[in-house]
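Reader: I'm new to this one and would like to learn how to read it. Could you show me the model and take me through it feature by feature?

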Amino acid sequence: LQDARRANLLDETYLPAYRLWGELALVNSEPDEAVEALGTYLIYQPQDVGAWVLIGQAHLAQEEYAQALKSVERALSINRSATGVYYLRGLIQLEQGEGQKAVNDLMAARQQEARSFEIDLALGRALIAAGRLQEGLPVLRSLASLAENDAQRAQLYYYRAQAYEQA
């Protein structure tokens, strides 16, 4: 991140530095900085679907759901089959309490990618939010084999416990 900032200072006209700076800021939990860098990049490269997804993730991290949704819609207008777009829109809708819409997008994301802990966890959460507990519980139960670390196991146990409490 420090090097990306420095690269931008050395040559403010080099667009790839803005994209990298935004991506690294997002990875380092600096969503404000990511939005600023990616916003500048997207002024000049508005057809970069990946950058729209990244800025959408940054807005989601800031809990700016309307802005995140606009970014995702822009990415979809460029490429309806872009990887990660339906997953991100599903997460945004889940945060907004739109369970069934989230289920629809997360099912589309699931069709695009091989089995994924993140997608399946979000899908299980969305099914439960949509009132489809009998479908959501098996999805959450099946995730234990996909959890790769303690953080993922903790997320799984947390959402699974919430689902069992509802049941």
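Reader: Where is glutamate 63 found?

Author: Glutamate 63 is found in the loop between H4 and H5. A helix here is a DSSP run (H or I, at least four residues), a strand is an E run of at least two, and both are numbered from the N terminus. This is a predicted model, in which local features need pLDDT of at least 70, side-chain atom pairs count only at pLDDT 80 or more, and totals for chains, interfaces and linings use all residues. Residues are numbered from 1 along each chain as its sequence is written, and side-chain values use heavy atoms, with hydrogens and water left out.

Reader: Is glutamate 63 buried or exposed?

Author: The general idea first: buried means under 20% relative accessible area, exposed means over 50%, and partly exposed is in between (1.4 Å probe, protein chains only). Glutamate 63 has a relative accessible area of 57%, so it is exposed. Its backbone is worth a look too: glutamate 63 has a positive phi of about 60°, although it is not a glycine.

Reader: What about serine 29, and where is its place?

Author: Serine 29 sits in the loop between H2 and H3. Its phi is positive as well, at about 60°, and serine 29 is not a glycine either. With 60% relative accessibility, serine 29 counts as exposed.

Reader: How many helices and strands are there in the protein?

Author: The protein has 10 helices and 0 strands, so to speak a plain read along the sequence: α-α-α-α-α-α-α-α-α-α. The C-alpha trace spans about 55 × 35 × 25 Å along its principal axes. Of the 167 residues, 44% are buried.

Reader: How do I read the packing of helix H2 and helix H3?

Author: Start with the axes, which are lines fitted to C-alpha atoms, for helices over the stretch in contact; angles run from 0 to 180 degrees between N-to-C directions. Helix H2 (residues 15-27) and helix H3 (residues 31-44) pack at about 155°, with axes 8 Å apart. Angles under 35 degrees count as roughly parallel, over 145 as roughly antiparallel, 65 to 115 as roughly perpendicular, and the rest as oblique. H2 and H3 are therefore roughly antiparallel to each other. Their crossing is left-handed, meaning that the near helix is turned anticlockwise from the far one by less than a right angle (clockwise would be right-handed).

Reader: Which residues make the contact?

Author: Contact means heavy atoms within 4.5 Å. On the H2 side, Leu15, Tyr18 and Trp21 are among them, and on the H3 side they include Pro31, Glu33 and Tyr44. By class, this contact of H2 with H3 has 11 nonpolar, 2 polar and 2 charged residues. The classes work like this: Ala, Val, Leu, Ile, Met, Phe, Trp, Tyr, Cys and Pro are nonpolar, Asp, Glu, Lys and Arg are charged, and the others, Gly among them, are polar.

Reader: Is glutamate 33 buried or exposed?

Author: Glutamate 33, in helix H3, has 16% relative accessibility and so counts as buried. Leaving out residues up to four places away in sequence, glutamate 33 touches Leu1, Arg5, Trp21 and Ala25.

Reader: And how do H4 and H6 cross?

Author: The axes of H4 and H6 come within 10 Å and cross at roughly 20°. H4 and H6 are therefore roughly parallel to each other, and their crossing is left-handed. Val49 and Leu60 of H4 are among the residues in contact, as are Val85 and Ile92 of H6.

Reader: Which residues have the most contacts inside the largest nonpolar core?

Author: In soluble globular proteins, nonpolar side chains tend to be buried together. A nonpolar core is a set of buried Ala, Val, Leu, Ile, Met, Phe, Trp, Tyr and Cys residues joined through side-chain atoms within 4.5 Å. The largest one has 42 residues, and Leu60, Val85 and Ile92 have the most contacts inside it. H4 gives the largest share of this core, 8 residues. Beyond four places in sequence, isoleucine 92 touches Leu60, Tyr65, Ala68, Leu69 and Val72.
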